[in-house]
Amino acid sequence: MPWGLLDPRLLDLAKNFEGNADHAVLTGFRRLEDLVRAKLDRDAPEGRAIATAFSFSGDRSQLHWEGLSAGEHAGRAQLFTGAYGAFRNPRAHKELDTSGHELLQQFLLLNLLYPLEVAAVRRPPGDDDQALGSNDKAQGKPR
């Protein structure tokens, strides 16, 4: 476990990772979804906060990262929705036979998503230019 690289909000799960890695990964995904749901200022349906926050890329997502190009924003949004679709959802709905190596990779992916969650902010209503970074706007790049 790369202790020095871990987001502090995952430390409690990392300490018990060897004893119950599946629990650490699933709880980490649930915790991240709760953090995203809190940023939405409304209750997202259970299990749908990530999709609700990032389901539209570009200027229509509810959460975004300021100062990024449209492509960078779309990539981060896809990282969140892809991680949930590929790893959290199957784990939440059935018992999986996953190796310790694979579970550690998924836990470290979660560790990457946590700082991205901190940087994501609620998009102001009617704000359709925030997903474009200043370079895209200055160069007149299309959305």
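**Note on a predicted model: salt bridges, core and surface**

1. Start with Arg 9. Arg 9 is partly exposed, with a relative accessible area of 25%. Here buried means under 20% relative accessible area, exposed means over 50%, and partly exposed lies in between, with a 1.4 Å probe and protein chains only.

2. Basis of the values. This is a predicted model, in which local features need pLDDT of at least 70 and side-chain atom pairs count only at pLDDT 80 or more, while totals for chains, interfaces and linings use all residues. Residues are numbered from 1 along each chain as its sequence is written, and side-chain values use heavy atoms, with hydrogens and water left out.

3. Overall fold. The protein chain has six helices and two strands. Their order from the N terminus is α-α-α-β-α-α-β-α. Helices (H or I, at least four residues) and strands (E, at least two) are DSSP runs, numbered from the N terminus. Of the 143 residues, 39% count as buried. Take contacts between residues at least 6 apart in sequence: 64% of them join residues at least 24 apart. Contact means heavy atoms within 4.5 Å.

4. Arg 9 and its partner. The whole structure holds six salt bridges. A salt bridge is a side-chain nitrogen of Lys or Arg within 4 Å of a carboxyl oxygen of Asp or Glu. One of them pairs Arg 9 with Glu 117, with the closest N and O atoms 2.7 Å apart. Arg 9 lies in the segment before H1 and Glu 117 in helix H5 (residues 100–119), so the pair ties together parts that are 108 residues apart in sequence. Glu 117 counts as buried, at 6% relative accessibility.

5. Helix H2 to helix H1. Arg 31 forms a salt bridge with Asp 12, and the closest N and O atoms are 2.8 Å apart. Arg 31 sits in helix H2 (residues 21–39) and Asp 12 in helix H1, so this pair links parts 19 residues apart in sequence. Both ends are partly exposed: Arg 31 at 25%, Asp 12 at 40%.

6. Within helix H2. Glu 33 and Arg 37 meet in a salt bridge, 3.7 Å from N to O. Both lie in helix H2, four residues apart, about one turn of the helix. Glu 33 is buried at 4% relative accessible area. Arg 37 also counts as buried, at 13%. Elsewhere, salt bridges with shared partners join Asp 7, Arg 9, Lys 39 and Glu 117 into one network.

7. Nonpolar core. Which residues of the largest nonpolar core touch the most other members? Of its 29 residues, they are Phe 17, Leu 32, Phe 54, Leu 63, Trp 65, Phe 80 and Phe 107. H1, H2, helix H3 (49–54), helix H4 (70–93) and H5 each supply at least two residues. H5 gives the most, with seven. Such a core is a set of buried Ala, Val, Leu, Ile, Met, Phe, Trp, Tyr and Cys residues joined through side-chain atoms within 4.5 Å.

8. Surface. The protein chain exposes about 8000 Å², and carbon and sulfur atoms supply 51% of it. Accessible areas come from the Shrake-Rupley method with a 1.4 Å probe; for residues, only the protein chains shown count as cover. Met 1, Trp 3 and Leu 108 form a nonpolar surface patch, with about 270 Å² of accessible area together. Patches are made of residues with over 30% relative accessible area and no salt bridge; like charges are joined within 9 Å, and nonpolar side chains (Val, Leu, Ile, Met, Phe, Trp, Tyr) within 5 Å. Trp 3 lies in the segment before helix H1 (11–15). At 45% relative accessibility, Trp 3 counts as partly exposed.
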